[in-house]
Amino acid sequence: MTDGYLGFSTRAVHGGEERRKPEHALTTPIFQTSTYSFQNTAELIEYMEGRIEREEYGRYGNPTQRVAEKKIAALDGAEDALLFSSGMAAITTIFFGMLSRESHLILTSDGYRRTRQFCSTLLRKLGVDVSVIDIQDGYEKLENSIQENTRLIFSESPTNPYLHVLDLERVVAIAKRHRVKVVIDSTFATPYNQQPLRWGVDLVVHSATKYLGGHNDLLAGVVTGSSYLIGALRDVQAMLGGIIDPHSAYLLLRGLKSFSLRLAKQNENGQRIAEFLAQHPRVKAVYYPGLPSHPHHAIATRQMRGFGGVVSFEIDGDLETTSRFIDRLKIPYIAPSLGGVESLVEQPALMSYYEMDPEERRRIGITDELVRLSLGIEDAEDLIADLQQALDGI
Ligand SMILES: Cc1ncc(COP(=O)(O)O)c(C=O)c1O
């Protein structure tokens, strides 16, 4: 059941699910098997010749995964979706599949550290030409960075951790003029808040570990797009092997059923907490696209239904003051990741960017006093009271 005309919440519950399931189960079962058997050689040949569709071997997919893929495709307005063992497995498979030696990739600078690291080390080692551009420098800079061998523009939107929002229509127009593909990491937005395919983006990738799973209990990644591109990536995945396991696919399906309820709450918490922080004297800056003061607020309002549950901000103080603030918080856990029902907090200088020396951190824009707060589904009043006492105490 993938009727695109049904509402988002209905699709989250029923999308992709067979009405009649094995043994009359209500939920889609976990098929915990690594391989699938053939009744006889005739069936094998029928399958090999593409006359029947069925499973063959776990690295090529499993039935629980197929249902989750159909559900996510229905949510993202995509023809097809492909699940991976993690967001990074999805991202690296895209790069391996779409780039080759001497081709050129344009990557935007504010983004998940491991994506940037993969591009600047492994991809370069394999002979891919990589340009990293700051989207704050404007869209002319983006267009001027395109070369004859440019194949791909890859960016997050909103970005991690500063929550810049790209004007997707504009990026796509530039890319089309030069026959370049656009891939958007939409992890921070999720299909609930933004559907980049509607703006003409070629592929969308999500770390499903975050909001799609939503319970901090699984690792997964997903790519959505046209059947043609997803089919090509499926072939690359069959070689690279970054497939989601049946149990994680089940947890993902379970998490997705309450997806729209969680996101509505996380959007509300994000907005209320950003507004609270923006007026607090111990907070120097707040980065949240839902605030009118955010430089991309107008684009975000046009492109997004809500602004998500991540709020980044800077404490008016130094590294130690910021750590003291974090240690005083009682509700959020100090942890990497984001998007789950529990609020999480991190000081990027001491977690994601710890191994960099302070000078290098400053050069790429990660300040000592930056805090990234991922809001869960707790009550906004409790979160605000907790932030208030922690800020007042420093
Ligand atoms: C924006 C973004 N993309 C991709 C990833 C990687 O996803 P995963 O941890 O599922 O491999 C992350 C992880 O934090 C992320 O924040």
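1. Of the 394 residues of the protein, 45% count as buried; a residue is buried if 20 or more other C-beta atoms, placed from the backbone, lie within 10 Å of its own, exposed if 12 or fewer do, and partly exposed in between. The model is a predicted one, in which local features need pLDDT of at least 70, side-chain atom pairs count only at pLDDT 80 or more, and totals for chains, interfaces and linings use all residues. Residues are numbered from 1 along each chain as its sequence is written.

2. The secondary structure comprises 15 helices and twelve strands, where helices (H or I, at least four residues) and strands (E, at least two) are DSSP runs numbered from the N terminus. The radius of gyration is 22 Å, close to the 21 Å that the globule rule gives for 394 residues, so the protein is as compact as a globular protein of that length. This radius is taken over C-alpha atoms, and the globule rule is 2.2 Å times the number of residues to the power 0.38. The C-alpha trace spans about 75 × 50 × 40 Å along its principal axes.

3. Among contacts with a separation of 6 or more, 72% are between residues 24 or more positions apart; two residues are in contact if their C-beta atoms, placed from the backbone, lie within 7 Å.

4. The domain assignment gives domain 1 (8–30 + 61–257) and domain 2 (259–392), with bounds that come from an automatic or database domain assignment. The C-alpha centres of domain 1 and domain 2 are 24 Å apart. To the contact between them, domain 1 contributes 28 residues and domain 2 contributes 28 residues. On the side of domain 1 that touches domain 2, the elements giving two or more residues are helix H1 (8–14), helix H8 (190–193) and helix H10 (246–257). The residues of that side divide into 14 nonpolar, ten polar and four charged. In this classification Ala, Val, Leu, Ile, Met, Phe, Trp, Tyr, Cys and Pro count as nonpolar, Asp, Glu, Lys and Arg as charged, and the others, Gly among them, as polar.

5. The residues surrounding the ligand include Ser86, Gly87, Met88, Tyr112, Glu156, Asn160 and Asp185; a residue is near a molecule if its C-beta atom, placed from the backbone, lies within 6 Å of it. Thr187, Ser207, Thr209, Leu219 and Gly221 also belong to this shell. Its residues divide into three nonpolar, seven polar and two charged.

6. Helix H4 (residues 87–98) has twelve residues and reaches 17 Å from its first C-alpha to its last, close to the expected 16 Å, the expected span being 1.5 Å times one less than the number of residues. Nine of the twelve residues of H4 are buried, including Gly87, Ile91, Phe95 and Met98.

7. Most residues other than glycine have a negative phi, and most peptide bonds are trans. His24, in the loop between H1 and helix H2 (41–48), has a positive phi near 60°. His24 is exposed, with 6 other C-beta atoms within 10 Å. Arg179, in the loop between H7 and strand E5 (181–185), has a positive phi of about 55°. Arg179 counts as exposed, with 9 C-beta neighbours inside 10 Å.
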